[in-house]
Amino acid sequence: SGLVGLLVLAGLLGARPAWGELSDEATQALQLAASPDRYQQQIGFLRLEALRDPATLEPIKPYLTHQDPYVRAFSLRAVAAIEGPAASPILLKALARDRSAVVRRAALLGLEPFLAQDPQILPAFIQALKDNDIEYMVLTNNSMSTPRDLSARLKNTGLDIPAEIMRLADKFRVEVEEEVQA
């Protein structure tokens with residue numbers, strides 16, 4: 001029975017969370033994130049973003065459902081930085097379901113670097129902009145197609161983007177420069 005107890009204890013010890021071995025920097029950042037002070041929380045999550053240590057993911061995940069929308073937003077940005085494109089499902093879920101504008105904005109900012117890597121992101125991104133009545137413009141560097149051609153091609157892929165909001169990047173730059181000079 002002593003051997004069985006030792007084996008059970010060894011099994012329990014082996015089942016320790018993978019995040020048991022955190023660097024001092026990660027531990028300090030997590031302590032700041034747990035602070036009741038929002039500024040300290042923000043600093044903690046920014047440090048976690050900068051560290052990009054996968055061992056910090058499990059301790060961060062409970063903050064994704066925190067009652068404070070700012071904490072949820074901070075944690076979303078940290079998860080996006082740490083997981084990269086693999087964080088897309090979490091970010092898309094927050095974008096679609098969270099009622100807080102702060103959280104949805106964090107999800108959009110977290111998704112933005114992955115737009116070209118995951119075909120589900122761009123439609124969700126655009127839908128979130130539409131749902132929140134946010135004006136947007138699509139810039140392209142494809143000078144071979146007209147905005148109408150691009151709009152039709154995108155519609156074939158399931159993206160309904162009106163030609164009126166598409167601009168060639170170089171022409172847009174000139175339009176903005178002319179506006180600034182006027």
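I started with the contact (heavy atoms within 4.5 Å): E25, A26, A29, L30, L32 and A33 of α2 meet Q40, Q41, I43, G44, F45, R47, L48 and L51 of α3. I sorted these contact residues into nine nonpolar, three polar and two charged. For that, Ala, Val, Leu, Ile, Met, Phe, Trp, Tyr, Cys and Pro count as nonpolar, Asp, Glu, Lys and Arg as charged, and the others, Gly among them, as polar.

A note on what I'm using: this is a predicted model, where local features need pLDDT of at least 70, side-chain atom pairs count only at pLDDT 80 or more, and totals for chains, interfaces and linings use all residues. Residues are numbered from 1 along each chain as its sequence is written, and side-chain values use heavy atoms, leaving out hydrogens and water.

Next I looked at α2 (residues 24-33) itself, where A26, A29, L30, L32 and A33 are buried (under 20% relative accessible area; exposed is over 50%, partly exposed in between, with a 1.4 Å probe and protein chains only). Down the axis of α2 they fall within an arc of 155°, so they line one face (the arc is that of the directions from the helix axis to the C-beta atoms). On the other side of α2 I found D24 and Q31 exposed. The cover over the buried residues includes α3 (38-51) and α4 (57-60).

Last, I checked S75, which lies in helix α5 (residues 69-83). Is S75 buried or exposed? S75 is buried, at a relative accessible area of 0%. Leaving out residues up to four places away in sequence, S75 touches F45, I60, Y63 and L64.

Technical notes: Helix = DSSP H or I, 4+ residues; strand = E, 2+ residues; numbered from the N terminus.
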